[in-house]
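Reader: Before I rely on any of the labels attached to this structure, I would like to see each one set against its definition. Could we go through them in turn?

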8 protein chains.
Amino acid sequence: MNQDDLLKLLEEVKHGRLETGEAMQILKNFTVKDLGFAKLDTHRELRTGYPEVIFGQGKTTEEVKEIIRFMSTQNNNILATRVTEEMFRAVQDICPEAKFHQRARAITVMKKEMKCPDTYIDIIAAGTSDLPVAEEAAVTAEIFGNKVERIIDVGVAGIHRLYDRIEDITKARVNIVVAGMEGALPSIVGGLVDKPVIAVPTSVGYGANFSGLSALLGMLTSCASGVSVVNIDNGFGAGFLASMINKL
Amino acid sequence: MNQDDLLKLLEEVKHGRLETGEAMQILKNFTVKDLGFAKLDTHRELRTGYPEVIFGQGKTTEEVKEIIRFMSTQNNNILATRVTEEMFRAVQDICPEAKFHQRARAITVMKKEMKCPDTYIDIIAAGTSDLPVAEEAAVTAEIFGNKVERIIDVGVAGIHRLYDRIEDITKARVNIVVAGMEGALPSIVGGLVDKPVIAVPTSVGYGANFSGLSALLGMLTSCASGVSVVNIDNGFGAGFLASMINKL
Amino acid sequence: MNQDDLLKLLEEVKHGRLETGEAMQILKNFTVKDLGFAKLDTHRELRTGYPEVIFGQGKTTEEVKEIIRFMSTQNNNILATRVTEEMFRAVQDICPEAKFHQRARAITVMKKEMKCPDTYIDIIAAGTSDLPVAEEAAVTAEIFGNKVERIIDVGVAGIHRLYDRIEDITKARVNIVVAGMEGALPSIVGGLVDKPVIAVPTSVGYGANFSGLSALLGMLTSCASGVSVVNIDNGFGAGFLASMINKL
Amino acid sequence: MNQDDLLKLLEEVKHGRLETGEAMQILKNFTVKDLGFAKLDTHRELRTGYPEVIFGQGKTTEEVKEIIRFMSTQNNNILATRVTEEMFRAVQDICPEAKFHQRARAITVMKKEMKCPDTYIDIIAAGTSDLPVAEEAAVTAEIFGNKVERIIDVGVAGIHRLYDRIEDITKARVNIVVAGMEGALPSIVGGLVDKPVIAVPTSVGYGANFSGLSALLGMLTSCASGVSVVNIDNGFGAGFLASMINKL
Amino acid sequence: MNQDDLLKLLEEVKHGRLETGEAMQILKNFTVKDLGFAKLDTHRELRTGYPEVIFGQGKTTEEVKEIIRFMSTQNNNILATRVTEEMFRAVQDICPEAKFHQRARAITVMKKEMKCPDTYIDIIAAGTSDLPVAEEAAVTAEIFGNKVERIIDVGVAGIHRLYDRIEDITKARVNIVVAGMEGALPSIVGGLVDKPVIAVPTSVGYGANFSGLSALLGMLTSCASGVSVVNIDNGFGAGFLASMINKL
Amino acid sequence: MNQDDLLKLLEEVKHGRLETGEAMQILKNFTVKDLGFAKLDTHRELRTGYPEVIFGQGKTTEEVKEIIRFMSTQNNNILATRVTEEMFRAVQDICPEAKFHQRARAITVMKKEMKCPDTYIDIIAAGTSDLPVAEEAAVTAEIFGNKVERIIDVGVAGIHRLYDRIEDITKARVNIVVAGMEGALPSIVGGLVDKPVIAVPTSVGYGANFSGLSALLGMLTSCASGVSVVNIDNGFGAGFLASMINKL
Amino acid sequence: MNQDDLLKLLEEVKHGRLETGEAMQILKNFTVKDLGFAKLDTHRELRTGYPEVIFGQGKTTEEVKEIIRFMSTQNNNILATRVTEEMFRAVQDICPEAKFHQRARAITVMKKEMKCPDTYIDIIAAGTSDLPVAEEAAVTAEIFGNKVERIIDVGVAGIHRLYDRIEDITKARVNIVVAGMEGALPSIVGGLVDKPVIAVPTSVGYGANFSGLSALLGMLTSCASGVSVVNIDNGFGAGFLASMINKL
Amino acid sequence: MNQDDLLKLLEEVKHGRLETGEAMQILKNFTVKDLGFAKLDTHRELRTGYPEVIFGQGKTTEEVKEIIRFMSTQNNNILATRVTEEMFRAVQDICPEAKFHQRARAITVMKKEMKCPDTYIDIIAAGTSDLPVAEEAAVTAEIFGNKVERIIDVGVAGIHRLYDRIEDITKARVNIVVAGMEGALPSIVGGLVDKPVIAVPTSVGYGANFSGLSALLGMLTSCASGVSVVNIDNGFGAGFLASMINKL
């Protein structure tokens, strides 16, 4: 109910076409949702053309298959993260155009092309073992309609390799930096660029890494400005946020 | 030395106005910075017109005063964060146009107007005790040349007050959300908007808050997409990053 | 031995029908329990009609089966939590009326009807992966003789769905709110109702969730009044306490 | 604006005594709160007669004084927690009927009598150093209109003293149990009663107490059913929740 | 009431000298304590001649003074731990025989001689900064009636000094070992003796000591058998337990 | 080599029955251990008649078997802790008198009777799931030559059952108290007895138990005096220390 | 491009053989690496003769095999750590001279002899269960061309065995000390030698060991000077650093 | 007593010049120290010419003064760390040649020149607030007789400044790297040099720095080889170890 509706209702009351009791009932039953806050729906339904997203971890193969079966009846792209190869095979039966991204542990189904901005997102990963998280970010950013530049294996202990790619880095509109262990890479990148850096700590490592805690704390206390952090191993979150920024 | 300088130098060499030996000396003394990687300078010197920033905590009043005395000889705006009122009074002696932002615990000196984008940053704070951090973010965003909309005291326990400001929230280009205790507000805001949310945990609280840990973990594990997190109490970092995104 | 029994015993002594030596022996063997502190028995034996409860985790299938075999000789309802499907099948052999609650990972055996209060308990769960804990709470509350209203998948990132159920929520006598990750839901619910909120953090999540720590700290530092917290994943504890309050 | 007010407004419109434009303005300016969702108001304004609450910690003496000055113009009781004696003296100047509860570090102003249920809340404290938190709970419960029974210095290391008060304990409708160090008391009490136990860990102690962590974890993992936990040192929260349950 | 009392009471009933109603009242009013469990009193009242103990931390000078004033009217020795010099001067006014143990931060009042066993307790301290805790243990053990041998400054980094005292160490009946930082000393001592080792971690240190956590964990995971641990800085607890064992 | 042996050797030299070169070789090959520091041997070889101890965890079945094969050639009792049933079966082949303690996960081989003191150790366990640790303590204490009284399933939530066994508890010379979750039981027992209490936290539980941390912190901060703590799940350590104290 | 190249380039410009535009392009494209910082390559490519290193954990058997297949075409020694026996068998097929170090979980391939310094590294391990980490350090140090002295099973609880090897310890040029549980051994060794001690905490243990945290904190807070610490279980890191120091 | 002494003693016995009883007494009284292990003294007394070291923290001004008064009677250099300016003034009275190092919070007294190796130690500090720790390391290394090169304010967020000093860095024999916050600098330096890197985490920072924990974990999990870590803020330890390595 917008202002016009409200005015109309009051006019009805004024002219005796609506009983005050009834009017009161209508007004009283307003839920927040009824107030026309379309934005409330933003997160889930989104605008047409946006992918539907499934978080596969903790779901059975059967559940993932059924959700995708339903989704694929609609004309949206689909992204399923944290899935197994077994889940993919089950999905393939009902949705042959599904594609499996092994490293990213993701399934995508492209139903229609997304319009991409000219600018791109770069995804910088410290070590080869950070690749699954980096790829999850990349696949996410791509299916949400972004160009992605992968810059791999440029850990701080061999920092010159980062400089070899400096042009690709400084030209990106948003930077996703994925790193485990000491999580120092976002600080370095943050010192090189004047664009936002989304830092993704990974649980890669052992010992005092404490399941990603060392990288997480390192990134949060980064000396470089322009750096913010998402949850440990949350490649999807980084890709989603980077897409949001890239499309501003 | 920018590209023009470099070209000019080479022209000097070409026309014999500069000895190759001298030219080599100049080029050899280039530091990495000198090689035209303007981005390398981003963090500290930045582009002309960008504020110079001082982190006051852990510095003496005398030190802060001397740094600002030097900076104010140059034509840049100045921002000093985590300063005391005593520091401000010392600064005022040498720089009468300095302004003190009490809640934000910040000093600003405006030397010239910054060009502002039309879009604005909103800064949402859960409780009145989160205000110092929220104000630090606001003052930072403003001196970096952004319009800021403050949305105060809209904690999750009285969520309807958030809805009263929903239009201001959904129209912002970037959202900074500041909260202590359970740190739930960024999740709520992230579910209402389709723009980036920068979450700032504060150390406000007691008991199981553990100096901001509860808010920090809550924000990192937020169920809403589009949320990223900066260090506990890091209002400056949030303001800086928001400015970066707002100017993309 | 209640007061009547004690009086009777003393009468026996008085009238010489019981030797003082024998009486002393009886009295001396009184355990604290025997002294009429009926409440001492509350937790384990409870009042007639109350279910017997088994915590299945860490027990073998054989052990669970044997305990239920013994219990089912008595006329009480039975609740076994944290059991496997294999345990259920073993129990079924000896107790065909046993029922398995798959999601709740619980077995119930109804021997007689419990009297239910008119008021009900609502159980609000943030995400589908919180359902096992929510269902454990629901099954517990039901077998202890309560009506339960399930309100599912109303996480804070899509808060409007919570408002769609606001009437069911505000009419409940006690609210159980189950959430993982940032654990923000109890704060929201606590701000909407004027009835007790029992918050149950779950270990659902990854990364900075740290096995439920993020949700636990978030709930403990909730800004809303009227919220208290039970152990991570402790659906049974929440259901038991809610039943206790609902029957006050 | 309650339902009567709304009806009256609509009647005014109906009878032409209020323009629809004006009526719309009034309705539009309603916040969500105004729309008759009385529950939305629970936490802050509450029902008439309920105390207004101020959290003094982190506020200046001047701020506390000003808030109470404003509040005392209204006809509600007032409770200020975590205040200093200095704050009290400042408040006394403007509000002579204000009362200081030294141990509880609280100020109360009684404007009118609250109706008390016949049942009472007991507040059990392990050691003398837990008294400030216990008293904060007691003062809160009392000003919210409850009878309170204090049971003091009954720590688990001298458990027989608890038994001396067992009748008072088992007759209470709700139990608040306050303890620091190992936080074992709620487990004991939970095993003795069949009423809800609200456990309050305190930061009292040293060493491996880690600012209340030992008591907090101990209470969360309590073996007794019917126990739930509030934040460390949160006497107010326990008193508020106990009042809520006592008035069900 | 012991068995004899109980028999007598029953005889009274038998012979009609006591009404059954009255007898029931007496029996019913038994508290647990009344049942002859003298041990229930162990902790607080103890046997005659045992010191009364006050924990001074968190108490005001006035409170400590008043408690000691009352205690000194009885014929028991007195021990007050965690007291300040100011407290001592206040106590001296009313109790001139009070003695201050500066390093141990303790006050003792000797009213009568305790009988000492022939065996002794040794107290081994790693560094000079562990002395306050070591002395608290020593003063405690002494006033509880034990001979104490102090073995100071024998940290693991200069292990030969420990060997110089090896005879004193191996002849002790109980060993208290006080250490901060890495807390390794109890492991060494535990490998040298065949008597119980009570390990006391101290909060002495900085950095990764984390307020005694490093020493605490080190002692708990000691490879030597016969080692048990008390709370960080708990010299009193160690002295008390050592006395208990020495007097077995 | 004891003093007698040393004297004998010197006599041999004196009487020319042993060459000085040979004597030097014997003396030189003395390790520190040989120099008469009998205590140095305590931990491993101990005095004749003491059991040899093997920690099975992390060893292969083959390794455990080989160690026991060697040990059983000597005339000592043998204790192996943290072993599997498979290990036991392998051991049985070579050592038929070996006995398996299933709950304690221990193997014992009795080669000769130990002399037991008249006093006994009681072992109190909170819940049935604490039994493996309690039994490890019991089996350890028994093979080291002590009488043991088991007091099982007397958790704090049903404290009256503890009182049923109060005589057995107060008569013990040393008390081992095993508990998981909130770890409150040692505080209760410590308040009832005037003998040492060795507290063993167990990792039994879930959620905020954090692998035994809740019980560990609870026991370390126990309000009762006379309580000390060993490592989480360290039944052997508790049994060993209790034996040491029982034989003083 | 070294100084000669730069001079040559400028000469070309001077003599008109190179256009200033082209020269500028060459200069501008310099990456940091091009500036002749050979040291930038230190970590990965190293000097000829140094082993190539593979971290096997998290890699598949196939991946390890392929990396070694490639590496073995070059004339360098190879070290693969954290590998399984299965990986070794796969490697053996393509590289028969590969050697498996079972305890160290390492594969080495010797292509040519390394020159060893005369001095040696000793590797001291507290318990048999620390051997895998100690062996990883030993194998690493050896393939990097160092003599290694193993000193095994000399834990602090039987400290005399350490003294038996004191000559070997004090003559080493660098000491690696590997220990789990309380991690006290580096402190002891640090007190005996005047050479660097590299401490390696291991995750060996249970309970309050918390996956190596107890040993880690113990070593970091070591009272002995000359001790530094590497990551938990990081035998490779210790061996590499020790080699670096041994060859200074 | 070395082998010759032992042989001589046995000869004495053989030839009847020494009674077996006396010989036994001599042999029996050997302490470990007596066995000629001069290295046992290494840590404390050291070789002549080495500085005496005092840790001032936790000591009174008077104590520091007295220790230095005594030390200065001997012909050794003196180093006192963690001292205040007040302590220095007190020391100056009795030891006019004492020198105060304000930033390092250290006092040194040079009694005689130390011989310096030609190689030097570099000390790299990330930020100005890390200077106190860096200076403590520098002053320590210098008084122990080493040349030191300070490389200041080269944090990872402005990494090009590090490259400006690359020659100084790669020529050092040992590198001390001091950093707070994310602690990334040692990883960068470790990737640039082939010499040992001693990493010193500092407690500089706020929020998720958690008193140095973020830097500590970051350094421990460093991806660069050749890096080891000392305690948080332990500048002395780093300087001491660097000196040890520099003099190998």
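Reader: What makes E3(F) and strand E4 (residues 106–109) of chain F a pair, and how do they run?

Author: Two strands pair if DSSP finds at least two bridges between them, and E3(F) and strand E4 (residues 106–109) of chain F are joined by 3 bridges, with the two strands running antiparallel. In E4(F), Thr108(F) is the bridge partner of Lys99(F). Please keep in mind that this is a predicted model, in which local features need pLDDT of at least 70 and side-chain atom pairs count only at pLDDT 80 or more, while totals for chains, interfaces and linings use all residues. Residues are numbered from 1 along each chain as its sequence is written, chains are lettered from A and ligands numbered from 1 in the order in which they are written, and side-chain values use heavy atoms, with hydrogens and water left out.

Reader: What makes strand E1 (52–55) and strand E3 (99–101) of chain D edge strands?

Author: In chain D, 4 strands form an open sheet with mixed pairing in the order E1-E2-E4-E3. Strand E1 (52–55) and strand E3 (99–101) of chain D each have a single partner strand, so one side of each is left without a neighbour in the sheet. From one strand to the next, the twist averages 15°, where axes are lines fitted to C-alpha atoms, for helices over the stretch in contact, and angles run from 0 to 180 degrees between N-to-C directions. Strand E2 (residues 78–81) of chain D is joined by 3 bridges to strand E4 (residues 106–109) of chain D, and these two run antiparallel; Val109(D) in E4(D) is the bridge partner of Ile78(D).

Reader: How do you know that helix H3 (residues 61–71) of chain D packs on the sheet?

Author: Helix H3 (residues 61–71) of chain D touches E1 and E2 of chain D, and its direction makes about 175° with that of E1(D); contact here means heavy atoms within 4.5 Å. Helix H5 (residues 131–143) of chain D lies across E2, E3 and E4 of chain D, running at about 165° to E2(D). Helices and strands are themselves DSSP runs, numbered from the N terminus (H or I and at least four residues for helices, E and at least two for strands).

Reader: Why is the interaction of Arg89(A) with Glu85(A) called a salt bridge?

Author: The term requires a side-chain nitrogen of Lys or Arg within 4 Å of a carboxyl oxygen of Asp or Glu, and the closest N and O atoms of Arg89(A) and Glu85(A) are 3.8 Å apart, so the pair qualifies. Arg89(A) and Glu85(A) lie 4 residues apart in helix H5 (residues 85–94) of chain A, and are therefore separated by about one helical turn. An α-helix has 3.6 residues a turn, so residues three or four places apart point the same way.

Reader: What makes Arg89(A) and Glu85(A) partly exposed?

Author: Buried means under 20% relative accessible area, exposed over 50%, and partly exposed in between (1.4 Å probe, protein chains only). Arg89(A) has a relative accessible area of 47% and Glu85(A) has 39%, so both count as partly exposed.

Reader: How do you know that Lys14(G) and Glu19(B) form a salt bridge?

Author: The closest N and O atoms of Lys14(G) and Glu19(B) are 3.9 Å apart, so the pair meets the definition. This pair crosses between chains, from helix H1 (residues 3–14) of chain G, which holds Lys14(G), to the loop between helix H1 (3–14) and helix H2 (20–29) of chain B, which holds Glu19(B). Lys14(G), at 30% relative accessibility, is partly exposed, and Glu19(B), at 40%, is partly exposed as well.

Reader: What makes Glu149(D) and Arg165(D) a link between distant parts of the chain?

Author: Their salt bridge has its closest N and O atoms 3.2 Å apart. Glu149(D) is in strand E6 (residues 147–152) of chain D, whereas Arg165(D) is in the loop between helix H6 (160–164) and helix H7 (166–171) of chain D, 16 residues apart.

Reader: Why is helix H10 (residues 213–220) of chain A called largely enclosed?

Author: Of its 8 residues, 7 are buried, so helix H10 (residues 213–220) of chain A is largely enclosed by the rest of the structure. Among the buried residues of H10(A) are Ser214(A), Leu217(A) and Met219(A). For chain A as a whole, 61% of the 248 residues count as buried.
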